[in-house]
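Please look through the sequence and the structure shown here before reading on.

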Amino acid sequence: MNRILLAAYPKDYRTRQGQEVLGCLAEAYPGRSWPPPREVAALLSGGVQARARAVVEDTSRPWWLDGFHLTALVLAALALVPYLQDVWHWALRIDPTDHSVGFHHAGWFPWAQGPGTRTRSLPYGLLPLICLVALVRGKRWIALPASAAMLLVGSRIAGTTFFGDEGVVGVGYYGLGAPLRAEDLVLSGVLFLACTVLVAHRPSRLRRRSYGWLVPVAAAMFVAGFLHLTSTDPYVQRVQFAVEVAALTAAWVLTAAVGDYRWLVPVAAFTVVRGEAIVNQPYLSDSLPGNAVLLCLFLPIPLLAVTAQQHRKQSVRA
């Protein structure tokens, strides 16, 4: 089980010092397959910091390009959240039956039509999914048209025949998470802008992550396909906010470890997109104090900037 903890560290570190770490753990905690919780937390924290240092030490691309890449990844994942159930059921040809929200005006599948619906060819959720997979693999020329299609569908310039009205009218398929709908062009617009920057800066290759990063996405689709929860559920809103706070905290930990500004870029973009949605659609966080949510979202921007600046000053003095 100790080998699982080593996965938090970069591959080069595991190759050089993996056996040494395992030996130390076996010697310090004989007969135990898992160290105490405090040691687990220390190892995970060390792994996160080691990965952050490895990212910063890689000078094959400018830090701001990595920042825009991370921004596009975050926004593509955020856009996919409301449609996890939709894509899962489309792939498995599952009839949503009575679990859908606004069944009368959303375009469903040819095998799951309700009264007055218009048949659609594909679910809207495929667009952010394609964009996310392309960004994970560093395929900017695939991510750009996918984000452009999201912008066109949300603005209704391209009509709703192909993707139906899904995500454009009403709260979506089930509304799971539903931080943003397709018609909210702030999300798709910022995502398209980030992908455009990635395409425009062609001299540098984007960071390519393994397909293993898509395992959580597949797991989220599986779970979402069976929960049938809506964005107005207080439990969903609180869990979603907890995940967001954890992600923002992780960005601060990474920034504090190396004093790099690249994590500030996706945090700023996420804050603007999510904050705009909450201001215009207060029901997205009505189970939590609205001002407190906005404060927690916007506070990390100056906090990360100050943390990075202080770390750099200390490095110069040292």
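Predicted model: local features only at pLDDT ≥ 70, side-chain atom pairs only at ≥ 80, totals over all residues.

Residues are numbered from 1 along each chain as its sequence is written, and side-chain values use heavy atoms, with hydrogens and water left out.

The protein chain has 13 helices and zero strands, where helices (H or I, at least four residues) and strands (E, at least two) are DSSP runs numbered from the N terminus. Of the 318 residues in the protein chain, 45% are buried; buried means under 20% relative accessible area, exposed over 50%, and partly exposed in between, with a 1.4 Å probe and protein chains only. Among the contacts in the protein chain with a separation of 6 or more, 76% are between residues 24 or more positions apart, a contact being heavy atoms within 4.5 Å.

Helix α9, which covers residues 215–227, has 13 residues and reaches 19 Å from its first C-alpha to its last, close to the 18 Å expected at 1.5 Å a residue; the expected span is 1.5 Å times one less than the number of residues. The buried residues of α9 are V217, M221, A224 and G225. Seen down the axis of α9, these buried residues fall within an arc of 105°, so they line one face of the helix, the arc being that of the directions from the helix axis to the C-beta atoms. On the other side of α9, V215, P216 and F226 are exposed. The cover over the buried residues of α9 includes α4, α5 (84–92) and α6 (126–136), and just after α9, H228 takes a positive phi of about 55°.

One of the helices in that cover, α4 (residues 63–80), contains T71. T71 is buried, with a relative accessible area of 3%, and, leaving aside residues up to four places away in sequence, T71 touches A194, V265, P266 and A269. F163, by contrast, lies in the loop between α7 (140–155) and α8 (185–200), and F163 also counts as buried, at 11% relative accessibility. Although F163 and S121 are 42 residues apart in sequence, they are 6.0 Å apart in space, C-alpha to C-alpha.

A search of the whole structure finds two cavities of 30 Å³ or more, a cavity being a set of points, on a 1 Å grid over the protein atoms alone, where a 1.4 Å probe fits but cannot get out, and lining residues having an atom within 4 Å of a point. Grid points are joined across faces, edges and corners, and a volume is the space filled by probe spheres set on the points. The largest cavity has a volume of about 50 Å³, and of the 10 residues that line the largest cavity, the closest to its centre are A79, Y124, R181, A182 and L187.

The second largest cavity has a volume of about 40 Å³, and its lining includes Q237, F241, R274 and V293. Helices α10 (234–258) and α11 (264–280) each supply at least two residues of this lining, with the largest share, four residues, coming from α10.

Technical notes: 1 Å grid on protein atoms, 1.4 Å probe; cavity = no way out; pocket = protein on both sides within 12 Å on 5 of 7 lines; lining within 4 Å.
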